[in-house]
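Colleague: I'm new to this one. Could you walk me through how to read it?

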Amino acid sequence: MKTIFKMTFAAAALTLAGAWSASAEEIKVGFSPEAYPPFYSQDASGKWGGWEVDITMAICAEAKLDCVLTPIPWDGLIPALKSKKIDTIMNSMSITAEREKEIDFSDKYYNTPTAIIGPKDQKFDATPDGVKGKILGVQVSTVHAAYAKKHFGGIAAEIKEYQTQDEANQDLVAGRIDATQADSIALDAFLKSDEGKACCDLKGYVAPDLEVLGPGVGAGVRKGDTELKDKINAAIKAVRANGKYAEITKKYFDFDIYGDDAQSN
């Protein structure tokens with residue numbers, strides 16, 4: 001009798017596992033494997049975590065998607081999405097008109113302002129006059145690079161592009177550049193680090209430019225993939241409404257980063 005019960009129980013477990021597997025669609029979520037705290041960071045075992053990882057997984061769970069984080073270099077994310085190597089991008093990618101020529105986006109899931117930081121012993125602000133004659137570091141293929149070229153090109157001594165924001169931060173510490181522009185939350189995390197506290201401070205926030213900076217950060221999906229886009233949109237709305245978004249955000253921030261007026265990468 002016990003043997004029959006065990007077999008029945010095992011069969012039921014397999015049936016439930018199969019039902020879950022069948023209901024949860026596997027989705028490859030593209031992200032750039034670089035430290036971008038508090039959104040993305042890697043622990044000693046190599047596991048990725050952070051606010052955006054937690055929010056991504058909450059959105060995926062709500063949408064009944066089995067999401068697998070898939071590392072792709074930042075400037076290869078959109079090509080990888082278009083070639084179907086990944087199914088979506090959730091990596092602090094700002095929704096912009098230029099990107100929307102190539103891919104579609106979900107609704108925003110966060111929105112924070114753009115800042116400029118520089119050495120403590122230099123007094124200037126985040127304006128064209130402030131960066132005049134300075135070497136300004138930005139991460140390649142980001143809205144910050146596009147913004148800097150549009151508003152500071154020909155004014156700054158040089159707009160220097162880096163593969164990662166961390167490289168720009170390190171060159172700022174080393175004195176090889178005079179300032180760097182990026183998402184304010186990411187730069188705030190750097191300014192709280194030992195290196196950041198020793199060298200630099202916030203110079204200010206750049207003037208808004210909706211055309212370049214966009215309305216916020218969304219999940220990138222392939223053109224025409226309305227089914228996945230609709231699932232993600234519904235899940236974003238649900239985690240905002242059911243308190244999961246706020247629960248996760250409180251672990252990392254003392255304010256709601258959903259925002260209304262700014263953006264990210």
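Modeller: Start with α2 and α10, which are roughly perpendicular to each other (65 to 115 degrees counts as that). Helices here are DSSP runs of H or I, at least four residues, numbered from the N terminus. This is a predicted model, where local features need pLDDT of at least 70, side-chain atom pairs count only at pLDDT 80 or more, and totals for chains, interfaces and linings use all residues. Residues are numbered from 1 along each chain as its sequence is written, and side-chain values use heavy atoms, leaving out hydrogens and water.

Colleague: What describes two packed helices?

Modeller: The angle between their axes and the distance between the axes. Here the axes of α2 and α10 come within 8 Å and cross at roughly 110 degrees. The axes are lines fitted to C-alpha atoms over the stretch in contact, with angles from 0 to 180 degrees between N-to-C directions.

Colleague: Which residues of α2 and α10 meet?

Modeller: On α2, Ala58, Ile59 and Glu62; on α10, Ile232, Ala235, Ile236, Ala238 and Val239. Contact means heavy atoms within 4.5 Å.

Colleague: And how do I read a core?

Modeller: Nonpolar side chains tend to be buried together in soluble globular proteins. A nonpolar core is a set of buried Ala, Val, Leu, Ile, Met, Phe, Trp, Tyr and Cys residues joined through side-chain atoms within 4.5 Å; buried is under 20% relative accessible area with a 1.4 Å probe, protein chains only. In the largest one, with 33 residues, Phe39, Trp51, Ile59, Tyr109 and Tyr110 touch the most other members. α2 gives the most to this core, 6 residues.

How values were computed. Buried < 20%, exposed > 50% of the residue type's maximum accessible area, 1.4 Å probe, protein only. Helix = DSSP H or I, 4+ residues; strand = E, 2+ residues; numbered from the N terminus. Parallel < 35°, antiparallel > 145°, perpendicular 65-115°, else oblique.
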